Amino acid sequence: MESTTLSSFSFSSSTVGDSVQLDANLTLGDRLKVFKTSGFDPDAYVTSKCQTMNEKEIRHLCSYLVDLKKASAEEMRRSVYANYPAFIRVSREISNLEGQLLSMRNLLSTQAALVHGLAEGVQKDSLSAGPEDSTAEEVLYENKELSKIENWLLEFLDTLEVLLAERRVDESLAALEEAESIAEEAKRRQTLSQTNLLLLQNAITEQRQKLAEQLEETICQPSTRGSVLRSAVLAMKRLGDGPRAHTLLLNSHYRKLQFNMQSLRPSNASYGAAYTVILSQLVFSTIAQAASDSLSLFGEDSAYASELVTWAVREAEAFGLLLKRHVLDSSAASGGFRVAAECVHACLAHCSLLEARGLALSPVLWRLFRPCVEQALNTNLKRIEQSSAALAAADDWSLAFPAAGMRLGSTTSLGSMNASQPKLSVSAQRFNLMVQEFIEDVEPLESLQLDGPALEGVLQVFSSYVNLLINALPSSMDDDENPEGFGKKIVRMAETEAQQIALLANASLLADELIPRAVMKLLQLQKTNRVEEPPRKSADRQSRLPEQRECKRRLQRSVDRLRDSFCRQHALEIIFTEDGDTSLSAHMYINMDVAADHEPEWFPSPIFQELFAKLSRMAGIATDMFVGRERFATVLLMRLTETVILWLSDDQTFWGEIEEGPKPLGPLGLQQLYLDMEFVILFTSQGRYLSRHLHQVIKNIISRAIDAVSATGLDPYSVLPEDDWFAEVAQIAIKMLNDKANFGNIDRDVTSPTASVSGKSISSVLSHGSN
């Protein structure tokens, strides 16, 4: 038996989990040994497995046993199919041997009759038991009897010749049966001599052979109609040669099939779905007719049924190879997945109609078609990837509603779609359409179980499309390698911030709505092949599918790669100048105390002013692009802010100068750094993208700067103003940067660090931020 392994199962119970994990490493034959033993007790087995198990573990065990049962049934089916030819060959050899034994018995009977007749003749010649007149009367009587039998035989042979010549099969069979009855009666009553009886039997055998040859000639004619064919086969069966009659019946259907296929065969350019449908209908209707004739004429005899199955498998394989050579191979090479899918779906649909007759030929076609369909599937996915790359090279990254007639995977009308569906760029619209068409082509091939490879392919082409979007960012031009090892492809650069945010809008809409909506069709195909589970609420039935959750996680990871590249690019634009110098260094804070001859004008540092301006612009752009998906825009702004602040928190050069540099951080520098951080907290909280993580990192930065000043022996809380001062200065800065400040009403004392100082308040803020 072929070794087969099943998927592993893991239970929460350590005993059951270890047992199942161990079974997963065994072959199917080893797992079934426990069930094959003569002393196997089902009740004891179930009790040993379920004694310490809860409901969930019992369900897992049931699922494991059902999968084991399926694998065992599949192995048995393969074994039966594999041994059919050997079984038929042995059956034919047994039939031939029986025929030879029958011929030997007839020959021996003939020879024994001849010897017995000769012995009777010699005995009669040697005995003289009566007068000569009595002997003469007996000879006269025997001559009269011989003359009567000979006349009957001659008349019988003439009549049978006429019936055979006129092809009156039923009457010929009746005459032969009558002659056999007479011969049996004469043999039983001994009314005929052995010579005459042997003569009659030889005549019957000879005429039976002639009738059989005539019937075989009729059956082998391609023009023989169905009713005539069945009558001839039935007549041959009545002659006692059932196996030969059944073989001739199948051969007759085969010749008719070949004749019809020759008349149907088109030119090389005409092979396609239409031809496949007609050819498939012809092949499987012929197999169905042969099965019907076999069942009606020969019943459910196992020998005839086995020969029928072998013949049907052979014809199905021949048809599959023909279709593979002329249609599927070319479709697989060119990526014509739709043509291949239509052809295979039509064949499997016709094939499924034979299952009611006990002929399961789908596995035969499945074995032949699957490699070609998988090749076509992979080629089609490659074509989607290449087409997306070509479109991305010319995409201007402007978002628009889909054109009339283009769908986004929804059944809504165009008017309602424009009102509810977000916009996409040209390449994203085309990518989504190709994915939708691809999944529609996969759906009819449920029996081939291609949902898994198709789902994996969709996730891979989406990841490839996200790589194109990453390449469209200006920062990708400076990267030595492309993410995840993909070759760099030529795409049109997204130069403006609006174009770059449009890249994120494309990826997020595809990953959050359009692709999951299409993928659900594939997940539903997987669900139909599962073992039935307890009913769940309709609201959470789909959301709890582990495959769906894993699919969404993988899609989101691809979007996260694009978002991280976007944030990294803009963070670097803020932190570094075009010459490569940093805009955020420790000297900008340290030098405030070194060259301080007067109190500075308190305002956030230029780098944080630029960060605020960039985030404000992006927030306005994202509001228009992420309609109905504001959370994604909020997370984008949050991640960009975190990227800049985390760079400051992790910059060892910056903190090395602050904490260990030759010039210590003074009170003015500390106050400026404090103001910058409070400024970031204020505008992010007002924009609703201040995360807990960002808030904690900012508080840690402030605390670290205060500790650096404390290390110089200066009490930082004695020089820092109150918290309200930082909040008011940050708020005024936001108004000024937004062109909303009322400069005539600005109180100078508000910007003075000596207006109010409270170390206790600052200390309480730091204490709160560290918790």
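The legends below describe several close-up views of a predicted model.

In this predicted model, local features need pLDDT of at least 70 and side-chain atom pairs count only at pLDDT 80 or more, while totals for chains, interfaces and linings use all residues. Residues are numbered from 1 along each chain as its sequence is written, and side-chain values use heavy atoms, with hydrogens and water left out.

**View 1. The chain as a whole has 26 helices and zero strands.** Helices (H or I, at least four residues) and strands (E, at least two) are DSSP runs, numbered from the N terminus. Of the 771 residues, 41% count as buried, where buried means under 20% relative accessible area, exposed means over 50% and partly exposed lies in between, with a 1.4 Å probe and protein chains only. Among the contacts with a separation of 6 or more, 77% join residues 24 or more positions apart, a contact being heavy atoms within 4.5 Å.

**View 2. The largest nonpolar core holds 156 residues.** A nonpolar core is a set of buried Ala, Val, Leu, Ile, Met, Phe, Trp, Tyr and Cys residues joined through side-chain atoms within 4.5 Å. L361, F438 and F608 touch the most other members of the largest core, and helix α17 (residues 497-528) gives this core its largest share, 16 residues. Leaving aside residues up to four places away in sequence, L361 touches F284, I287, A312, V313, A316, C351 and L354. A second, separate core has 27 residues, including L176, V233, A235 and L248. In soluble globular proteins, nonpolar side chains tend to be buried together.

**View 3. Helix α8 (residues 226-238) packs against helix α10 (residues 273-298).** The angle is about 40° and the axes are 11 Å apart, where axes are lines fitted to C-alpha atoms, for helices over the stretch in contact, and angles run from 0 to 180 degrees between N-to-C directions. That angle makes α8 oblique to α10, because angles under 35 degrees count as roughly parallel, over 145 as roughly antiparallel, 65 to 115 as roughly perpendicular and the rest as oblique. The crossing of α8 and α10 is right-handed, meaning that the near helix is turned clockwise from the far one by less than a right angle. On the α8 side the contact is made by R230, V233, L234 and K237, and on the α10 side by Q289, D293, L297 and F298. These residues divide into four nonpolar, one polar and three charged, with Ala, Val, Leu, Ile, Met, Phe, Trp, Tyr, Cys and Pro counted as nonpolar, Asp, Glu, Lys and Arg as charged, and the others, Gly among them, as polar.

**View 4. Helix α22 (residues 652-660) packs against helix α24 (residues 692-710).** Here the angle is about 30° and the axes are 9 Å apart, and the crossing is right-handed. W655, I658 and E659 in α22 meet I701, R704, A705 and A708 in α24, a contact with five nonpolar, no polar and two charged residues.

**View 5. W397 and R688 each have a positive phi, although W397 is not a glycine and R688 is not a glycine.** Most residues other than glycine have a negative phi. W397, with a phi of about 55°, lies in the loop between α13 (362-394) and α14 (414-420) and counts as buried at 2% relative accessibility. R688, with a phi of about 65°, lies in the loop between α23 (667-686) and α24 and is exposed, with a relative accessible area of 72%.
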